[in-house]
Amino acid sequence: MSQPQWHKLGPVELLKEKPLQQLEIHRTKLALIFKDNEFTAISGVCNHVGGPLGNGTLEGDYVVCPWHYYKFHYRTGLGEPGYEADRVPVYSLKIENDDLWVDLASATPRGRLHHDPHPLTRPVVREPGPLRIVGISTTVMDNAHPRFSTSELLLQEALSHAQRKGYETRLQKIRELKFRHCEGFYSKSAHACTWPCSITQMDPDDQLDRVYEDLIHWADVMIVATPIRWGSASSLYYKMAERFNCIQNQITTHNNQLVRNKVAGFIITGGQDNVQAVAGHLMGFFSELGYHLPPFPFIAHSLGWSSENMEHNMRYVQHSRALSEAAQELVDRCAELSCALLETSAHVLQHRAGRKAFNASKHRDR
């Protein structure tokens with residue numbers, strides 16, 4: 001048995017002020033608990049992805065990790081019921097001369113249950129076959145009382161053209177999927193934003209996994225269609241896009257470029273103008289995920305600020321040969337670039353360019 005390694009944590013009266021706190025002693029992170037007039041200490045490092053347990057919360061007898069809500073008993077370090085073997089170390093404490101001390105040598109063994117990796121974490125390998133195109137409609141409407149969508153009409157025209165060319169297609173209507181808003185795990189820590197999204201891993205009913213599957217593993221080309229809403233893309237688009245932070249963050253935290261040799265195109269329609277601003281956001285966002293853009297990567301239609309006759313707008317798009325042909329030509333441009341990329345060797349990330357938060361030491365003042 002190792003010799004005790006007692007280290008002073010601080011005055012008892014001061015440490016009593018917080019029921020749960022994160023401490024670090026000689027590079028050992030501790031979660032210190034004061035409950036029922038007694039101190040206990042468990043490891044401050046969560047078994048999942050290393051979240052700081054001492055910065056979490058106390059729920060009954062369990063310390064809840066602030067990152068992804070894993071739970072460990074405040075006294076025994078055992079996981080929550082059913083997952084007891086997933087345990088964190090426990091440390092011995094003593095009080096001398098009104099100071100609290102911890103024995104770092106007393107740590108009990110850490111235990112980890114086997115967890116099968118999420119299916120989305122498998123290696124990205126393009127299977128042989130024809131070109132694959134996924135269309136993503138971000139139009140918001142009541143599915144029980146559907147209305148006409150100009151952006152979705154042009155997206156369907158694009159996919160029909162792709163099918164006639166012999167390509168495989170899928171259509172994801174985001175309004176039909178049940179998924180939670182991004183909950184800002186990245187704001188807690190870059191490493192708290194995981195692939196796939198932490199919500200997808202925790203919530204079996206979260207249906208954004210279908211979109212992740214298509215974007216990362218299935219499709220060669222993605223075409224996003226959005227209406228213009230108050231000069232911006234739809235609110236549903238932003239709800240979806242925020243959940244894509246886990247894709248971009250893999251570059252930052254793991255040097256893992258998930259999107260390779262893939263092409264993005266866009267369809268933008270609306271009753272008011274601001275096409276360039278919406279297109280600029282879409283192009284900037286998806287290029288940050290790793291998508292390539294073909295020449296003229298978007299098509300658009302808008303009546304303009306002073307002509308918001310929506311009934312006329314719908315009729316115009318429905319009967320516009322020019323817009324129908326534009327949607328087909330967008331597919332052709334995306335497909336041409338995609339085929340050229342697929343003929344080359346797989347791109348390997350060589351540098352992170354402007355990736356935020358990577359290797360923070362490089363960003364210190366000279």
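1. How many bridges pair strand S8 with strand S9, and in which sense? Strand S8 (residues 90–96) and strand S9 (residues 99–103) pair in the antiparallel sense, over five bridges. Pairing requires that DSSP finds at least two bridges between two strands. Elements are DSSP runs numbered from the N terminus: helices are H or I with at least four residues, strands are E with at least two.

2. On the basis of this note: the model is predicted, so local features need pLDDT of at least 70 and side-chain atom pairs count only at pLDDT 80 or more, while totals for chains, interfaces and linings use all residues. Numbering runs from 1 along each chain as its sequence is written, and side-chain values use heavy atoms, with hydrogens and water left out.

3. S8 and S9 form a hairpin. Two residues lie between the strands, and Asn97 in the turn has a positive phi of about 55°. Leu93 stands opposite Val102 of S9. Ser92 stands opposite Asp103 of S9.

4. S8 also pairs with strand S4 (residues 38–43). Two bridges join them, and they run antiparallel. Ile42 faces Val90 of S8 as its opposite residue.

5. S2 and S3 run antiparallel and are joined by six bridges. Ile25 has Thr28 of S3 as its bridge partner. This hairpin has two residues between the strands, and His26 takes a positive phi near 50°.

6. Now the helices. H2 (residues 150–164) and H9 (residues 310–319) pack at an angle of about 5°, with axes 10 Å apart. Axes are lines fitted to C-alpha atoms, for helices over the stretch in contact; angles run from 0 to 180 degrees between N-to-C directions. H2 and H9 are therefore roughly parallel to each other (angles under 35 degrees count as such). Thr150, Leu153 and Leu154 of H2 meet Asn313, Met314, Val317 and Gln318 of H9; contact means heavy atoms within 4.5 Å.

7. The largest nonpolar core has 55 residues. Such a core is a set of buried Ala, Val, Leu, Ile, Met, Phe, Trp, Tyr and Cys residues joined through side-chain atoms within 4.5 Å; buried means under 20% relative accessible area (1.4 Å probe, protein chains only). Ile247 and Phe286 have the most contacts inside this core. Elements giving two or more residues include strand S3 (28–35), strand S10 (132–137) and helix H7 (245–254). Helix H8 gives the largest share, six residues.

8. Phe286 deserves a look. Not counting residues up to four places away in sequence, Phe286 touches Met222, Val224, Tyr237, Phe244, Ala264, Phe266 and Tyr291. Another core, of 23 residues, lies apart from the largest one. Among its residues are Leu154, Ala225, Leu323 and Ala326.

9. Helix H6 has Leu236, Tyr237, Lys239, Met240 and Ala241 as its buried residues. These pack against S10, S12, H7 and H8.

Methods. Parallel < 35°, antiparallel > 145°, perpendicular 65-115°, else oblique. Buried < 20%, exposed > 50% of the residue type's maximum accessible area, 1.4 Å probe, protein only.
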